[in-house]
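Please keep the structure in view while reading.

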Amino acid sequence: MSRAWLIGAGPGDVELMTLKATRALGEADVVLVDDLVNPDVLQFARKDAQIVYVGKRGGQPSTSQAGIVNAMLAHLRAGRSVARLKGGDPFVFGRGGEEQQALAAAGIRVEIINGITAGIAAPATIGIPVTHRDHAQGVVFVTGHGAGSSEPDWHALVATRMTLIIYMGMRRLSEIATALLAAGMPGDTPCAAIESATRPEQRHVRATLDTLASGVAAAGLGSPAIVVIGGVATLGETPIAGGDTV
Ligand code: SAH
């Protein structure tokens, strides 16, 4: 019987993929690969597997969500096992939940294989733990992508005093920093932005909330990047200096 998997490929470093993910990938007849997946992980796919890129990078138009689900259904109905490979964890901002729902509506049960999410892996690469008893009692994963009505309630988030981990926030970094300051977060709150974490081209900037946007702009950091905001960002290998790049 054909099987369907939603697999997290982790943040980039191939060694951060789980054993379960590599095993399932090796069983698939068809692999649908998302943006942000390090192509090196395809070494675990079968040599004769059909590899389909559905991401929007590399100049190709992205396949719509419905198009991806329809392709999965067509392969499954033809008796082929399908692995849907996503960056990080498939259930953290990866629209994995939506794909699971769409497949369930078509009567298909998909197996979920977790991956290490960039929001935890990226800070760890520079020694930043997302929680620490002296700094934060918890952590909030939030998307910076939204605008208008889907804008997070920054006031409420600041009030939690927890570490904020922002995904997809680079394009709107300056607006986000302004919103956090307006919500009462101190300008000297430690921050870090980590681009292309766990990959050879990784870079990062450490700053304060006041200097974050200018520091990131000066260093030319872009997507994909994780932004960490909160006391934990003082920890790790390099001390804070407004806009210090490594
Ligand atoms: N499912 C993924 C997140 C997908 S949303 C996960 O669990 O990691 C895409 C966002 O993830 C990017 O905009 C960026 O904020 C973050 N991201 C993914 N890979 C990254 C990496 N290697 N380094 C830094 N940020 C990354």
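The model is predicted. Its ligand has a shell that takes at least three residues from each of domain 1 (4-113) and domain 2 (118-245). The shell counts 17 residues. Those that come nearest to the ligand are Asp 89, Val 92, Thr 117, Ala 197 and Ala 225.

What is the make-up of the shell by class? It divides into 12 nonpolar, 4 polar and 1 charged residues.

## Polar contacts and burial of the ligand

At Ala 225, a polar backbone atom is 2.7 Å from a ligand oxygen. At Met 168, a polar backbone atom is 2.9 Å from an oxygen atom of the ligand.

How much of the ligand does the protein bury? Taken alone, the ligand exposes 550 Å². The protein buries 93% of that area.

## The two domains

The protein is divided into domain 1, residues 4-113, and domain 2, residues 118-245. Taken over C-alpha atoms, their centres are 28 Å apart.

The two domains also touch. In domain 1, 10 residues are in contact with 12 residues of domain 2.

## The interface between the domains

About 810 Å² is buried between domain 1 and domain 2. Carbon and sulfur atoms give 67% of this area. On the side of domain 1 that touches domain 2, there are 6 nonpolar, 2 polar and 2 charged residues.

Which polar links cross this interface? The rule finds 3 residue pairs in polar contact, with both residues at pLDDT 80 or more. For salt bridges between domain 1 and domain 2, the count is 0.

Notes. Residues are numbered from 1 along each chain as its sequence is written. This is a predicted model: local features need pLDDT of at least 70, side-chain atom pairs count only at pLDDT 80 or more; totals for chains, interfaces and linings use all residues. Side-chain values use heavy atoms; hydrogens and water are left out. Domain bounds come from an automatic or database domain assignment. Contact means heavy atoms within 4.5 Å. Buried area is the accessible area (1.4 Å probe) that two parts lose on being put together, summed over both. A salt bridge is a side-chain nitrogen of Lys or Arg within 4 Å of a carboxyl oxygen of Asp or Glu. A polar contact is a pair of N or O atoms within 3.5 Å; within protein, one must be able to donate a hydrogen and the other to accept it, and residues adjacent in sequence count only if both atoms are side-chain atoms. Ala, Val, Leu, Ile, Met, Phe, Trp, Tyr, Cys and Pro count as nonpolar, Asp, Glu, Lys and Arg as charged, and the others, Gly among them, as polar. A residue is near a molecule or strand if one of its heavy atoms lies within 4 Å of it. Accessible areas come from the Shrake-Rupley method with a 1.4 Å probe; for residues, only the protein chains shown count as cover.
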